[in-house]
Amino acid sequence: MDQTVDNRRTMAATASPSISEREKNAIIGGVLLSMLLAALDQTIVAPALPTIARALGHAEYLPWIVTGYLLTATAMAPLYGKISDVYGRRPVIYAAILIFVLGSLVSALAPNMLVLVIGRAIQGAGGGGLFALTQTVIGDLVPPRERARYAAWISGTWAVASVAGPLLGGVFAEHLHWSLIFWINLPIGFLAMAIINNPLKKLPIAAKHHRIDGLGAVLLVVATALLFLALNWGGSTYPWFSPEILGLMACSAVFWALFALRLSRASEPLISLEVLGNRIVLAGTSSMFLLQAANIGASVYLPVYLQSVVGLSVSESGIAMLGLLLGTVAGATFSGRMIPRFYHYKRIAMVGVTLAIACIGVLSAIAGRASLLEVEILTTLIGLGSGTTFPVSTVSVQNAVDRAHLGVATGVLTFLRSLGGALGVAMLGAVALGFGLPLAAEGSQAHVELTSALPFVMIFLTAGITLVLALIALALMPEKPLRGKDEPAAPVLAE
């Protein structure tokens, strides 16, 4: 009897939801709006940090306003995928928005720095879910063959956040009040909930009788938090080989080992071993991890290069970064539109990453004498080439699993994408310090006087090598034909 019920649930899960085009667009607009909330709060705070320090004091804890958010957002992303597979997308995305809004409220009312850091950590706990659930919900609504074009919408959302965040943060802090950075999230969050409320009810619950592995969730969060702290503090707050960093790394390794043991022994692990063993999921998430390590790491040190070698001011270097940003959006848009037209769609990303590797190689070769125009052309092409990977990796991973595991697979992809960015900043920071780049703090945009461009040559070379590894991961990823609207879902083990 139970098997019959499970079969019926699985059939219902794999059936296309009876949602009109208007309702589908409303849902996608609502979840993108909620994703914009989470993305904005990664960029809107930085310009207001000096003002916040003057208002609340304890400036030594300012980095935690950023770190607290990123830590919880990264750690929580894979949990939301599993939870939404079990309980449905609507209640889980509502919970993520409400947690984010609660964190915004705590941050806006914070009387001191400690409360603000706690509020930011709560925000991150909701924001991590919004990143993963946006892509999961789009995966529910749109078949893989058509899904890639929506990746451009996601890239556009990030682009808006990257440009609007610093502008809004600066205006609020300088001309109004720094707390508006957080108050603005409340009406936007409730608007997103109102937009998706009714149509999201029609999405079926994908999983059958499942439960959440609480112990596995705790082990994953602790292991991720310890690793993130080690990557964030290494080379800046503490030397890389200090007892503090080595201790964090060792503790993280222990918890990762315990998490792996739990995955192998739990009756229903937090992340299905079938999903992790899928070659498409493994290669696709690995390529995204490596790509983000190169992209985010290089983008953190590119403004320092523009200021110290090319000779731009802080504001001018920020404007010069638009080439990389807009190139990435253009690459994702192009890739998303081309994927449905190509049988061997993986080649789009492979050509794109190859272009990015060639351009970052040229940039490293001419770093000491490059003009602003040359840097702009090369960084735009790097963004264009790298951007093609985002739709290919996302669609490939989601196409490789059935709907019952869509949330888990997307959560793992989001998690590794965030962790890759943190690793890239830490890795290139170690390279920068090793070759004599005297930064006051990791990722600082303070003007640096250098007699040689060697640190940046090595930074760009390291990022290029990382992109080569991402290209290898893409080459090893099996290519499965994308499903259309009326085709059945893939089994869990697509390959």
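Among the elements of the protein, which helix has the lowest mean pLDDT and which the highest? Helix H1 (residues 2–14) has the lowest, at 42, and helix H16 (residues 346–365) the highest, at 91, where pLDDT is the predictor's confidence in each residue, from 0 to 100. This is a predicted model, in which local features need pLDDT of at least 70 and side-chain atom pairs count only at pLDDT 80 or more, while totals for chains, interfaces and linings use all residues. Residues are numbered from 1 along each chain as its sequence is written, and side-chain values use heavy atoms, with hydrogens and water left out.

**Overall make-up**

- The secondary structure of the protein comes to 20 helices and zero strands; helices (H or I, at least four residues) and strands (E, at least two) are DSSP runs, numbered from the N terminus.
- Of the 495 residues of the protein, 56% count as buried, a word that stands for under 20% relative accessible area, with exposed meaning over 50% and partly exposed in between (1.4 Å probe, protein chains only).
- The accessible surface comes to about 20000 Å², of which 68% belongs to carbon and sulfur atoms; such areas come from the Shrake-Rupley method with a 1.4 Å probe, and for residues only the protein chains shown count as cover.
- Among contacts between residues at least 6 apart in sequence, 83% join residues at least 24 apart, a contact being heavy atoms within 4.5 Å.

**Confidence along the chain**

- The protein averages a pLDDT of 77, and 84% of the residues score at least 70.
- Over residues 1–17 the pLDDT is below 50, and this stretch has 20 contacts in the model beyond near neighbours in sequence.
- Residues 440–448 also have a pLDDT under 50, and the model has 24 contacts for them beyond four places in sequence.

**Nonpolar cores**

- The largest nonpolar core has 85 residues, and those with the most contacts inside it are Tyr305, Leu306, Ile459 and Phe460; a core of this kind is a set of buried Ala, Val, Leu, Ile, Met, Phe, Trp, Tyr and Cys residues joined through side-chain atoms within 4.5 Å.
- Helix H13 (residues 279–310) gives the most to this core, with 14 residues.

- Leaving aside neighbours within four places in sequence, Leu306 is in contact with Gly311, Leu312, Ser317, Ala320, Met321, Leu372 and Val375.
- Leu312 lies in the loop between H13 and helix H14 (314–320), and it counts as buried because its relative accessibility is 13%.
- The C-alpha atoms of Leu312 and Leu372 are separated by 8.9 Å, although the two residues are 60 apart along the chain, and Leu312 touches Leu372 as well as Leu306, Gln307, Ser317 and Ala320, not counting residues up to four places away in sequence.
- Ser287, found in helix H13, is buried, with a relative accessible area of 1%, and beyond four places in sequence it touches Ser393, Ala470, Ala473 and Leu474.
- Ser287 and Gly420 are 133 residues apart in sequence and 9.8 Å apart in space, C-alpha to C-alpha.

- Leu413, in helix H19 (residues 406–434), is buried at a relative accessible area of 3%, and its C-alpha atom is separated by 9.9 Å from that of Ser287, 126 residues apart along the chain.
- Beyond its neighbours within four places in sequence, Leu413 is in contact with Gly284, Thr285, Met288, Thr394 and Val397.
- Thr224, in helix H10 (residues 214–233), is buried with a relative accessible area of 0%, and it touches Thr74, Ala75, Trp256 and Phe415, not counting residues up to four places away in sequence.

- Trp183 is found in helix H8 (residues 180–183) and counts as partly exposed, because its relative accessibility is 30%.
- Trp183 and Ser104 are 79 residues apart in sequence and 6.6 Å apart, C-alpha to C-alpha, while Trp183 is in contact with Leu105, Ala108 and Leu109, leaving aside neighbours within four places in sequence.
- Leu476, in helix H20 (residues 454–476), counts as exposed, because its relative accessibility is 59%.
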